[in-house]
Amino acid sequence: MKLKWDWSLEKQKHLLAKLAVSILLVGLAFRLLFSQSTGFSEVAETLNPKPTKSENRGQIPDNVSQVSENPNPSVDFPDNGTKVSLDPKSAASVDFPENPDQIPGKEKCDLFTGDWIPSSSGPLYTNESCSLIEGHQNCMTNGRPDTGYLYWRWNPRDCELPPFNAGQFLELMRNKTWSLIGDSITRNHVQSLLCILSKVEPAVEVYHDEEYRSKRWLFPSYNFTVSVIWSPFLAKATIFEDYNGVSTSEVELHLDKLDQTWTDLYRGSDYMIFSSGKWFVKSTIYYENDTILGCHNCPKRNLTAIGFNFAYRKVLQSVFNFIISSNHTGTIFYRSSTPDHFENGEWYNGGSCQRTVPAKEGEFEMNELNKILRVVELEEFEKAATKASEKGMNLKLLDVMKLSLLRPDGHPGLYRYFHPYSMDNSTKIFYDCLHWCLPGPIDSWNDLLMEMVVNG
């Protein structure tokens with residue numbers, strides 16, 4: 001009897017085991033069926049997503065260029081090294097994660113922090129290929145013997161900066177107008193831009209003022225115009241100074257009145273670059289409401305001493321208020337002030353710049369005047385940029401200070417004069433450690449400009 005009972009118990013256990021296994025198998029089958037119908041496997045979807053075309057367009061990372069000369073370029077994602085083809089034929093098949101949170105993070109590229117690296121390609125033009133270079137900046141024609149300063153390029157640390165593409169730029173600027181407003185550094189910059197563009201089509205001068213300081217050029221095939229507008233203070237000013245910088249009296253500057261030389265032409269420009277700064281350190285009498293407010297560096301006059309930083313801030317506030325209240329739909333840049341590289345003195349007491357290679361980071365510091373100008377302009381630009389953004393305006397900072405600070409080798413020095421060492425010893429000559437040789441480091445400003453225009 002006991003044997004029969006044991007056999008019956010074992011049979012029941014066997015049946016229970018078979019039932020448990022059956023239930024487990026049914027559960028696994030259901031799980032597999034469920035995963036296939038709902039995308040259960042997260043790993044599979046992460047490795048092989050299949051987004052739609054509309055999803056692709058919305059998830060292209062910031063560092064993908066929209067225009068490129070390379071017929072099939074690629075771009076590296078910052079975190080995982082994945083390369084994305086930019087070939088238009090294959091753009092629709094590019095795989096991106098369906099979840100926007102899975103897109104590798106990319107901070108906005110800082111074009112203005114980087115290094116100067118050797119470049120064997122050299123400049124895009126020469127003193128022989130461009131007839132628009134002003135004599136004081138034509139270092140090669142004036143006999144500068146070294147050429148190493150021409151073989152460097154600016155390389156931002158966290159992104160690529162393509163070289164300026166003159167043909168592409170001119171195509172983009174069909175029927176457009178550019179105005180660059182400022183002082184002699186602005187004129188220096190305009191000549192650089194024109195020399196590069198003239199490799200595709202020569203610029204035709206169509207206007208100049210009586211002193212040949214404000215000019216306008218046309219690229220006929222593109223109906224594209226470039227103007228340089230002489231307005232060193234950006235505000236109304238009476239200047240008693242000749243072309244060589246010799247002054248017979250203090251500047252008379254109206255802090256509350258902008259210079260009509262540029263305000264009258266403002267609305268007719270699609271792109272503008274404003275800049276100022278250096279002229280504010282000159283001896284100046286300040287006016288408001290046509291009444292003398294005070295002065296800077298005028299010890300012989302019985303007037304209230306006012307710092308040039310006060311005047312610079314006041315004028316910049318007026319400039320930015322004018323820009324923002326205008327609701328102009330074009331693109332407006334403010335270019336930062338630029339450094340000089342006088343060593344062992346200033347221009348008037350033996351200061352010179354004789355270096356032939358770029359400086360290392362930290363080797364040169366801005367002088368105190370430049371530091372004051374920079375603090376003012378960055379503070380005022382930041383306030384203006386916030387207001388402009390709220391109104392949907394394109395106000396951008398072209399910050400060339402840091403990259404220019406590393407190029408003490410790029411100035412004319414004594415080669416602002418034609419073959420200075422063959423000049424009569426009775427002629428007093430000075431080093432120019434403020435302006436830039438053409439071609440030279442200032443050409444890189446246009447690389448930055450094109451990148452900001454093309455890719456924002």
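The legends below describe close-up views of a predicted model.

View 1. The strands follow the order E9-E10-E12-E13 in an open sheet, and their pairing is mixed. Strand E9 (235-238) and strand E13 (291-296) are the edge strands, each of which pairs on one side only. Neighbouring strands of this sheet are turned by 25° against each other on average, direction ignored. Helix H7 (residues 308-326) packs on the sheet and touches E9, E10, strand E12 (284-288) and E13, its direction making about 35° with that of E10.

**View 2. The pairing of E9 with E10.** Strand E10 (residues 251-258) pairs with E9 in the antiparallel sense over three bridges, and Ala 237 stands opposite Leu 253 in E10.

**View 3. The disulfide between Cys 109 and Cys 159.** The sulfur atoms of this pair are 1.7 Å apart. Cys 109 is partly exposed, at 27% relative accessible area, whereas Cys 159 is buried at 16%.

**View 4. The disulfide between Cys 130 and Cys 195.** The S to S distance here is 2.0 Å, and the torsion about the S-S bond is about -75°, so the disulfide is left-handed. Cys 130, in the loop between E3 and E4, and Cys 195, in helix H5 (residues 184-197), are 65 residues apart. Cys 130 is buried at 4% relative accessibility, and Cys 195 is buried at 1%.

Key: Residues numbered from 1 in each chain as written. Predicted model: local features only at pLDDT ≥ 70, side-chain atom pairs only at ≥ 80, totals over all residues. Heavy atoms only, no water. Pairing = 2+ DSSP bridges. Helix = DSSP H or I, 4+ residues; strand = E, 2+ residues; numbered from the N terminus. Axes fitted to C-alpha atoms, helices over the stretch in contact; angles between N-to-C directions. Contact = heavy atoms within 4.5 Å. Disulfide = S-S within 2.5 Å. Buried < 20%, exposed > 50% of the residue type's maximum accessible area, 1.4 Å probe, protein only.
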